[in-house]
Amino acid sequence: MKQSKDTSLLFKKLLEHDNVVEFIKKMPTIKQLFFSVLGSVLFAFLFLSLLSYNPDDPAWSHIGGTGEITNIGGRLGAWVVDIFRVFFGFGAWWLVITIGYEILRLWWQREVLAWQLRFVAYGVLLICISTILAQLGRDAQQALYFGGVVGFEIYKFIVPILGFTATALLLILLMVVVATFTFHIRWKSLFGKLLGWLDNTQKQKSTPQEEVPDTPQEDTPLFNVVQTPTDSIDTAQPQQHSDSLENFLNDSGIRSDLLKKQERLAKEEERRQERLAKRRAKEEQKQEESQKQEQPKQTSRAKFFTTILDTVAPSEPKPSAPPPPSPPKSHAMSTLEYRLSLTPIPELTLLDEPAPRRSPYTDKELMQLSELLEIKLKEFNISARVMDATVGPVITLFEVELAAGIKVSRVTKIAEDLARSMSMTSLRVLPIIAGKPYIGIEVPNRHRQMVSLLEILDTDEFNDPNLAISMAIGVDISGQPIIADLAKAPHLLVAGMTGSGKSVVVNSFLMSMLLKRSPEELKLILIDPKQVELEPYADIPHLLTPVITDMTDATASLTWCVTEMERRYALLSKLRVRNIASFNQKVMEAEQNGEPLTDPLWRASDHVGDTPPKLKPLPFIVVVADEFADMLMQLGKTAEEPIVRLAQKARAAGIHLILATQRPTANVVTGLIKSNIPSRVALQVKTAIDSRIIIEESGADNLLGNGDMLFLAPGKNSTERLQGAFVSDDEVNRVCDAWRERGKPDYIDLSTSYTFEGEGSGDSATGGDDEYYNQAVAFVMETRKVSTSAIQRKLSIGYNRAARIVDMMEENGIVSPMDNGGKRQLLI
């Protein structure tokens, strides 16, 4: 009994020992043992079944020729393996690898994904492997055999879209990404270990190894129970963790992130120190200059004695005192210094880089399209031959030679039918190509290419100093940039329906001006009834007024322009020059000669001071109305009269108009406006009638929209088809923000330019309405008819004035108000 107690105590002490407890903790649990045994059985079953797979065995997909089953897994193994091989091909072996990995994971303590995410990742990898294996087949049968039904179907769907190589690269990339997150692969650590192993192997090859005699190793016991004295515990060294920490930083990738962050902070600190050093150098230089100016000038005798003393007894160098701290600068001075450090005009780097262009057609496809055009013309009994083709960013121009005796009108009449037969959205026929005996047929490209503003502005044509107001119109069919000078235009009309790219074209014109001319050279008046199109240009220093959204303010600004035009013409006549360019040249020459000119229109009675101001070069003034149809509809003649006056006379005074509208109707684009604005841009319109209203010819109804335009250049009778430049909102905001950093606008006063009701329209007379009113009353009493047109013809006055006289008769009770039929009755 005593011996059994001693044995139990010894066993209890043995179990309580630290090494025994640690070993018991490391022993596998029942769950691990159960799943390990189950997984091993499943692994062996699936491995042997796949290894002994025989297509002749009767299974799920077919009935075997013999009744015997040769598969090691029996009937169940033959069926399971046949299903996997039919659906996944050789990719079924991935299931074996997956089961093996899951068994190892039970004994490999490591953080992994949840089992739901792992199974999804295994499925994605299985599909990718089957698809890649299906690509190895030379024909459909081999692809089905290698990759199974799943891999073959995905292969058939993706390869026609992406191609063989792109599909393989995409699948491999997807497999690498999924495997990285599923198996926690750290590529940086893996490559580091691989390079380290290669370095070690090279070192071992380069240095001969000493032969080490094999020493027999003694059998180590299962438990090493070692009793250590208590003194050794006190003298024990602390455990070093530096190596483990370094390995952790290298394996996790944190070291590289920390080093990058440290380098970035060091670079920022260096830049900050450089800026501070430059600022201190500038301040020291300014202080030295101010000290030099404050020092009194020495006389020649004092200079003589000082030089003698310096040569005889040179003074000891005195320690230089540290410069006194500079006083803090005000916000205004800091802002001024910052603006002076900027370039006078924003750089073109603010614009987006153009995308690389690719030809929409190959030579073979272009030849086929030319042959198709000849065949379709032949179907309409028109014998023709394509002589040349020019591929542009949006359209392709075919130069066609017609057979003898065939008129161009026959081709023009069948333009729509020809476009339908060629499966094109539209088609445009050019009756004449300058310098060639051919006609032109413009066909839209299969893929449109965007034209960026930078590729037009970054040219020698735009930077030509002889162009006063350069505007990037677009590119022609051959891709050459087209630049127009608004000063020679002298005005521009832009018209097109909604969605044709009108606002983008106007933005490209404004951006062209802002990226070439400073506020001293160019001033702008922007009229935006929509309140959103031109709002990004608010508060730039070029503006004479805030962006105008009220039509009353728009009329006031146009009236101010008329007054400014008259003042400028008075200045031109006083200086005996013909235009604003000659005026500015004469003023600058006088300033260079030291004899500046004074204002000849200045009167001492109108001003407080007695000294007339000096003349300065006059800037160009450009009035941009994004939708002037609203202005004409609301104000009528009151708004049309200043527009017509400016269009007629303002060219020499340096005032120019850019009028845009999306309603190209006859009551908006009137004859007076068209006759005084020869340069026009016709975007896509609905009907040929609208096209004729804008450019006096059809063709704009066949445009493609999105900046596709017909440009009538100044001094030319024929239009040219161009593709306008695209300007994004971000580009506009970047350029406008750059100008806001350079200065603030100096707005003019429009309080004296407003036109009240009854002013500015009709045939107003200086003697008032009494004389005409009495004559009109006498005429109505005589004829007993109230007719505005009859009064207009009788008195030879304007219609508006006659209508106002009739309204005065109504107020005085002579005639009645209009009835439903628009007629009035005489009341006396």
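At 32% relative accessibility, glutamate 566 counts as partly exposed. The structure is a predicted model. In this model, glutamate 566 forms a salt bridge with lysine 649, and the closest N and O atoms are 3.2 Å apart. The two residues belong to distant parts of the chain: glutamate 566 lies in helix H20 and lysine 649 in helix H23 (residues 637-649), 83 residues apart. Lysine 649 is also partly exposed, with a relative accessibility of 34%.

Side chains of opposite charge can pair when their charged atoms come close.

## Other salt bridges

Helix H20 (residues 551-575) also holds arginine 567 and glutamate 564, which are three residues apart and so separated by about one helical turn. Their side chains meet in a salt bridge, at 2.9 Å from N to O. An α-helix has 3.6 residues a turn, so residues three or four places apart point the same way. Arginine 567 has a relative accessible area of 34% and is partly exposed. Glutamate 564, at 10%, is buried, because buried means under 20% relative accessible area.

A further salt bridge joins the side chains of arginine 517 and glutamate 521, with an N to O distance of 3.6 Å. Arginine 517 is buried at 18% relative accessibility, while glutamate 521 is partly exposed at 35%. Salt bridges also link Arg428, Glu442, Asp708 and Arg721 in a network. Over the whole structure, the search finds 20 salt bridges.

## A helix with a buried side

Helix H29 covers residues 799-811, which makes 13 residues. From its first C-alpha to its last, H29 reaches 19 Å, close to the 18 Å expected at 1.5 Å a residue.

Which residues of H29 are buried? They are Arg801, Ala802, Ile805, Val806 and Met809. These residues cover an arc of only 145° around the axis, so they are on the same side of H29. After H29 comes glycine 813, which has a positive phi, near 80°.

## A buried strand residue

Valine 623 is part of strand S9, which covers residues 620-625. Is valine 623 buried or exposed? At 1% relative accessibility, valine 623 counts as buried.

Some of its surroundings come from elsewhere in the sequence. Valine 623 and leucine 526 are 97 residues apart in sequence, yet their C-alpha atoms are 6.1 Å apart in space. With neighbours within four places in sequence left aside, valine 623 is in contact with Ile525, Ile527, Leu558, Cys561, His656, Leu657 and Ile658.

## A nonpolar patch on the surface

Phe43, Phe47, Leu48, Leu51 and Ile72 make a nonpolar surface patch of about 450 Å². One of these residues, isoleucine 72, sits in the loop between helix H3 (30-51) and helix H4 (74-88). Isoleucine 72 has a relative accessibility of 57% and counts as exposed, because exposed means over 50%.

Notes. Residues are numbered from 1 along each chain as its sequence is written. This is a predicted model: local features need pLDDT of at least 70, side-chain atom pairs count only at pLDDT 80 or more; totals for chains, interfaces and linings use all residues. Side-chain values use heavy atoms; hydrogens and water are left out. A salt bridge is a side-chain nitrogen of Lys or Arg within 4 Å of a carboxyl oxygen of Asp or Glu. Buried means under 20% relative accessible area, exposed over 50%, partly exposed in between (1.4 Å probe, protein chains only). Helices (H or I, at least four residues) and strands (E, at least two) are DSSP runs, numbered from the N terminus. The expected span of a helix is 1.5 Å times one less than its number of residues. The arc is that of the directions from the helix axis to the C-beta atoms. Contact means heavy atoms within 4.5 Å. Patches are made of residues with over 30% relative accessible area and no salt bridge: like charges are joined within 9 Å, nonpolar side chains (Val, Leu, Ile, Met, Phe, Trp, Tyr) within 5 Å. Accessible areas come from the Shrake-Rupley method with a 1.4 Å probe; for residues, only the protein chains shown count as cover.
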